[in-house]
Amino acid sequence: TMITRVFLSHPRHVNETYAEHAVFASGFALRLFLAGGAALVHAVIPCLFERTASRMIARMYAQTSNRGA
């Protein structure tokens, strides 16, 4: 059905329930927002957060690169 395709297909593909996936994706979005903030502060004051955003993104990539494989 359309509901299954839209809301359940992807979470099942990565072996999660809809709720588990919502929590994971929300946390991921929050970390991306924080990494963006660190990068923005670094853009204005280069001596601050020199590697913070890239380190956060590398960790997030490692956490997601094999999901659903």
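This briefing covers aromatic pairs, a salt bridge, a nonpolar surface patch and two further residues. The model is predicted. A search of the whole structure finds 2 aromatic pairs. A search of the whole structure also finds 1 salt bridge. Arg67 takes part in that salt bridge with Glu16, and the charged end of Arg67 sits over the ring of Phe24.

**Aromatic pair Phe7–Tyr18**

- Of the 2 aromatic pairs found, one joins Phe7 and Tyr18: the ring centres are 6.0 Å apart and the planes stand at 75°, so the pair is edge-to-face.
- The pair links distant parts of the chain, with Phe7 in helix H1 (residues 2-13) and Tyr18 in helix H2 (residues 18-44).
- Phe7 and Tyr18 are 11 residues apart.
- Phe7 is partly exposed, at 40% relative accessibility.
- Tyr18 is partly exposed too, with a relative accessible area of 46%.

**Aromatic pair Phe24–Phe28**

- The rings of Phe24 and Phe28 have centres 6.2 Å apart and planes at 25°, so this pair is stacked.
- The 25° angle meets the stacked criterion because planes under 30 degrees apart count as stacked.
- Both residues lie in helix H2. They are 4 residues apart, about one turn of the helix.
- Phe24 is buried, at 19% relative accessibility.
- Phe28 is partly exposed, with a relative accessible area of 21%.
- The two values fall on either side of a cut-off, because buried means under 20% relative accessible area.

**Arg67 and its partners**

- The side chains of Arg67 and Glu16 meet in a salt bridge, 3.1 Å from N to O.
- Arg67 lies in the segment after H3, and Glu16 lies in the loop between H1 and H2, so the pair ties together parts that are 51 residues apart in sequence.
- Side chains of opposite charge can pair when their charged atoms come close.
- Arg67 is partly exposed, with a relative accessible area of 26%.
- Glu16 is buried, at 16% relative accessibility.
- The charged end of Arg67 is 3.9 Å from the centre of the Phe24 ring.

**His21**

- His21 lies in helix H2.
- His21 is buried, with a relative accessible area of 16%.
- Not counting residues up to four places away in sequence, His21 touches His10, Pro11, Val14, Glu16 and Arg67.
- Both salt-bridge partners, Arg67 and Glu16, are among the residues that His21 touches.

**Nonpolar surface patch**

- Met2, Ile3, Val6, Phe7 and Tyr18 form a nonpolar patch on the surface.
- Together these residues have about 530 Å² of accessible area.
- H1 gives the most to the nonpolar patch, with 4 residues.
- Met2 lies in helix H1. Met2 is exposed, with a relative accessible area of 53%.
- Phe7 and Tyr18 belong to the patch and also form the edge-to-face pair.

**Phe49**

- Phe49 is placed in the loop between H2 and helix H3 (52-64).
- Phe49 is partly exposed, with a relative accessible area of 41%.
- Leaving aside neighbours within four places in sequence, Phe49 is in contact with Ala38, Val41 and His42.
- Phe49 and Gly37 are 12 residues apart in sequence. Their C-alpha atoms are 9.7 Å apart in space.

How values were computed: Residues are numbered from 1 along each chain as its sequence is written. This is a predicted model: local features need pLDDT of at least 70, side-chain atom pairs count only at pLDDT 80 or more; totals for chains, interfaces and linings use all residues. Side-chain values use heavy atoms; hydrogens and water are left out. Rings of Phe, Tyr and Trp (its six-membered ring) pair if their centres lie within 6.5 Å; planes under 30 degrees apart count as stacked, over 60 as edge-to-face and the rest as tilted. Helices (H or I, at least four residues) and strands (E, at least two) are DSSP runs, numbered from the N terminus. Buried means under 20% relative accessible area, exposed over 50%, partly exposed in between (1.4 Å probe, protein chains only). A charge sits over a ring if NZ of Lys or CZ of Arg is within 6 Å of the ring centre and within 35 degrees of the ring normal. Patches are made of residues with over 30% relative accessible area and no salt bridge: like charges are joined within 9 Å, nonpolar side chains (Val, Leu, Ile, Met, Phe, Trp, Tyr) within 5 Å. Accessible areas come from the Shrake-Rupley method with a 1.4 Å probe; for residues, only the protein chains shown count as cover. A salt bridge is a side-chain nitrogen of Lys or Arg within 4 Å of a carboxyl oxygen of Asp or Glu. Contact means heavy atoms within 4.5 Å.
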